[in-house]
Amino acid sequence: MRARRGVDRLDEEGFMASLNKVLILGNLGSDPELKMTAGGQAVAHFNVATSESWFDKAQGQRQERTEWHRIVVWGRQAEQCQQYLKKGRTVFIEGRLQTREWEDKEGKKRWTTEINALNVQFIGGGQGQGQGGGRGDFDAPIAEPVGRDAPPTPISDDDVPF
């Protein structure tokens, strides 16, 4: 079967293929907030800022735009985020977009779109390091993978492919 322009491809069962994956690298805007669900599962929320910059020829100056992303992390990974992440720390997030609906205090329907994190990697220095990027006096590895209950694995110079 040949695909025509403007027509989505279907798989063997007749379903349209789709992908919901988000990758971001940015800095925490605040410390993670940890709560427990009624069922006893940990859930953490925090915001991550990503920035882009460019040179605006018309104005003759550098411009910058920051985008804020609401992150949701579940289970043991949420507890580790609350324990190790602090405002300003750099993180790499792999997850999926999810929009949920809720009612505000006046009974109005509201929506929010969040990144439901599947994997969170702590980048840069440790606790109190601020903007990340350096090891400082902290003995933690440069990257601390925290996802799918994997133990942290230090990264050495031999592991970097370049």
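Select Glu114 and Arg100 first: their side chains make a polar contact at 2.9 Å (a pair of N or O atoms within 3.5 Å; within protein, one must be able to donate a hydrogen and the other to accept it, and residues adjacent in sequence count only if both atoms are side-chain atoms). The model is predicted, so local features need pLDDT of at least 70 and side-chain atom pairs count only at pLDDT 80 or more, while totals for chains, interfaces and linings use all residues. Residues are numbered from 1 along each chain as its sequence is written, and side-chain values use heavy atoms, with hydrogens and water left out.

Stay on Glu114, which is placed in strand 6. Strands (E, at least two residues) and helices (H or I, at least four) are DSSP runs numbered from the N terminus. Glu114 counts as buried because its relative accessibility is 6%; buried means under 20% relative accessible area, exposed over 50%, and partly exposed in between (1.4 Å probe, protein chains only). Now show its surroundings: leaving out residues up to four places away in sequence, Glu114 touches His45, Arg70, Val72, Arg96, Leu97, Gln98 and Arg100, a contact being heavy atoms within 4.5 Å.

Next, select Tyr84 and Phe122. A search of the whole structure finds one aromatic pair, and these two residues form it: the pair is tilted, with 6.2 Å centre to centre and 50° between the planes. Rings of Phe, Tyr and Trp (its six-membered ring) pair if their centres lie within 6.5 Å; planes under 30 degrees apart count as stacked, over 60 as edge-to-face and the rest as tilted. Tyr84 lies in helix 1 and Phe122 in strand 6, so the pair ties together parts 38 residues apart in sequence. Tyr84 is partly exposed at 31% relative accessibility, whereas Phe122 is buried at 0%.

From Phe122, move to Leu85. Its contacts, not counting residues up to four places away in sequence, are Leu28, Pro32, Phe46, Gln80, Val91, Val120 and Phe122.

Finally, show the whole chain. One helix and seven strands are present, in the order β-β-β-β-α-β-β-β along the sequence. Of the 162 residues, 30% are buried.
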